[in-house]
Amino acid sequence: MHIYFYGPPTGKRDAQRAYRLIMDQLRQTDAYVSTNTEDEAIQVSAEVAADSRESSVPLLERMDSFIIEGSTSDPNVGFLLAHAIAQKKPTLYLYQRGTVPLIFAHLSRRELPAHIRVVAYQESALHREVVSFLSTIEGMKIRPVPRIKFTLRITEAIEEYLHFKTHNTKLSKADFLRQRIEEAMERDDEWQDYQRRRRRE
Amino acid sequence: MFRRTRLAFLFAGGSTTESVPRPGSSVHGPRDVEPWLRRLAELDIIADIDGACIASGLAPVGLPEWQAMTAWIDRHYDAYDGFVIVHQLATLPLAASVLTWMLTDIGKPVVVTGSSLLSRREKRAGVQADPWLVQHSSDRAGFINAAQVAVSDVGEVAAVVGNTIYRGSALIDLIGQPLEPIQRGVLGRVDFGIRLAGQQLRRRRRALRVRPIFETNVITAEYIPGVDLTSMVPIEPGPRGLFVSAPGGDMNLPTLIGQLNQPRIKSLPTALYLTRRPSIALPAHVVVVTGRDRSVAVLKFMWALGQARGGRGWKTALRSIATGAET
């Protein structure tokens with residue numbers, strides 16, 4: 001999954017804070033995230049990079065989804081939005097509440113296709129808007145931030161095993177355990193059926 | 001007061017956006033233009049766009065169509081901020097070169113591009129294209145890229161193929177070549193935006209001067225050792241120029257020069273197409289033309305003769321066009 005986030009270059013602190021909030025949220029996903037907001041960081045899979053080089057298809061056309069901060073008039077905003085519409089890619093178009101993006105002078109909200117979600121945001125609710133959008137994208141996995149403290153006493157053998165699996169890796173023992181539990185949840189048919197029934201209710 | 005950018009899209013084939021034929025998926029006549037623009041409504045985000053159909057694209061697009069395009073641009077130059085030529089891929093590289101010469105003094109962008117898809121009608125008509133161009137061209141996305149270049153700070157003829165923006169006259173020489181990160185003749189690239197390398201001629205206010213005249217009464221011949229060139233040059237009606245290809249390099253030149261000095265040929269403006277500049281002196285009426293593509297060289301000669309209109313200025317006109325890769 002590849003996401004591109006565009007925020008027009010700005011010196012305004014509120015805009016820069018918004019960009020950081022959006023990037024923090026995007027880093028919680030398992031997607032390759034590219035952006036112009038942080039020294040133009042480009043992150044794509046090796047396969048996409050190689051394919052783009054060989055076929056000369058722009059990386060832009062390899063993105064699966066876009067997030068555009070379009071509060072200000074910027075030529076690239078229109079360009080990216082046009083591509084998102086043409087490629088039918090799920091797109092979140094954000095603008096600060098109280099502003100009227102120039103884009104709506106040329107294309108009304110009603111004319112925008114359903115896969116373009118337009119949201120007027122306030123900074124306090126920005127991360128929820130981003131999470132809400134990301135959760136609609138098929139194949140997107142968002143890693144919720146662990147917030148519940150859970151104390152677990154373990155045996156020496158388990159401790160030794162955890163050390164063996166995480167030593168000299170970037171993974172902490174806690175992260176390793178969380179991953180194993182999440183995998184078990186994915187494989188547990190009974191749990192998955194239960195979740196499906198709950199969602200229907 | 002904010003003024004929206006206005007672009008003109010001129011169609012000559014190469015417009016197909018979908019494999020399934022639907023109203024607006026291709027432009028083969030004037031009535032197809034509005035449905036096509038409605039189907040690509042996302043272009044409205046970039047600029048206000050008007051369209052005109054120059055050719056159906058169901059037959060090879062060539063000199064008459066290119067002259068029609070420049071005439072249209074000349075008539076409407078002040079009304080638009082930029083022009084996009086949607087062009088059949090088969091002759092797109094030639095078009096990009098020819099338009100560069102005909103619109104030498106242009107101060108606005110003229111962006112040539114074309115779709116890799118073919119409509120059913122185009123397939124039935126036998127329209128084909130260079131496989132490299134087909135592989136590297138986009139369809140719908142390419143038109144967005146071209147529109148974005150046409151609103152940018154470019155003041156010359158450019159071609160957009162895939163993710164690369166070429167100087168119009170350079171495309172023919174760079175097709176199929178691996179590109180360096182910084183490459184003469186490459187004006188920029190498309191990745192997450194249009195990135196111009198800084199080589200481009202920028203927009204500037206100037207009165208457009210169109211130079212559309214080509215002298216097509218030219219004999220083209222390939223020199224074969226032992227075959228008398230004069231037998232290929234008719235007496236009546238007399239040609240206005242002679243274009244000779246000489247494979248074999250310097251080895252054939254002494255004999256060839258002897259032939260070019262024969263009375264009937266000596267008075268003819270002559271272009272000698274070689275793979276590289278020769279080391280020996282040539283007669284005064286002969287100018288060497290080089291380049292990867294012979295068709296471009298022929299057209300270049302015809303254009304130069306057209307500028308001189310029978311006078312001597314054809315050599316100056318010919319030398320004034322360097323290919324984009326050489327500038």
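Helices here are DSSP runs of at least four residues (H or I), and strands are runs of at least two (E). I am working on a predicted model.

**Entry: counting elements.** I looked up the secondary structure of chain B. I found twelve helices and twelve strands.

**Entry: overall form.** I checked the extent of chain B next. Its C-alpha atoms fill a box of roughly 65 × 45 × 40 Å along the principal axes. Then I took the radius of gyration. A compact globule of 327 residues would have one near 20 Å, and chain B has 21 Å, so the two agree.

**Entry: inside and surface.** How much of chain B is buried? I got 57% of the 327 residues. The accessible surface comes to about 14,000 Å². Carbon and sulfur atoms hold 52% of that surface. I also looked at contacts between residues at least 6 apart in sequence. Of these, 69% join residues at least 24 apart.

**Entry: the sheet.** I traced an open sheet of eight strands in chain B. The order is 2-1-3-4-5-6-7-8, with mixed pairing. Which strands stand at the edges? They are strand 2 (48-55) and strand 8 (194-196). Each has a single partner strand, so one side of each has no neighbour in the sheet. From one strand to the next, the twist averages 25 degrees.

**Entry: strands 1 and 2.** I zoomed in on strand 1 (residues 6-12) of chain B. It runs parallel to strand 2, and seven bridges join the pair. B:Phe11 stands opposite B:Cys53 of strand 2.

**Entry: a helix on the sheet.** Helix 3 (residues 63-76) of chain B packs on the sheet. I found it touching strand 1, strand 2, strand 3 (82-87) and strand 4 (110-113). The direction of helix 3 makes about 160 degrees with that of strand 3.

Terms used: Residues are numbered from 1 along each chain as its sequence is written. Chains are lettered from A and ligands numbered from 1 in the order in which they are written. This is a predicted model: local features need pLDDT of at least 70, side-chain atom pairs count only at pLDDT 80 or more; totals for chains, interfaces and linings use all residues. Side-chain values use heavy atoms; hydrogens and water are left out. Two strands pair if DSSP finds at least two bridges between them. Axes are lines fitted to C-alpha atoms, for helices over the stretch in contact, and angles run from 0 to 180 degrees between N-to-C directions. Contact means heavy atoms within 4.5 Å. The radius of gyration is taken over C-alpha atoms; the globule rule is 2.2 Å times the number of residues to the power 0.38. Buried means under 20% relative accessible area, exposed over 50%, partly exposed in between (1.4 Å probe, protein chains only). Accessible areas come from the Shrake-Rupley method with a 1.4 Å probe; for residues, only the protein chains shown count as cover.
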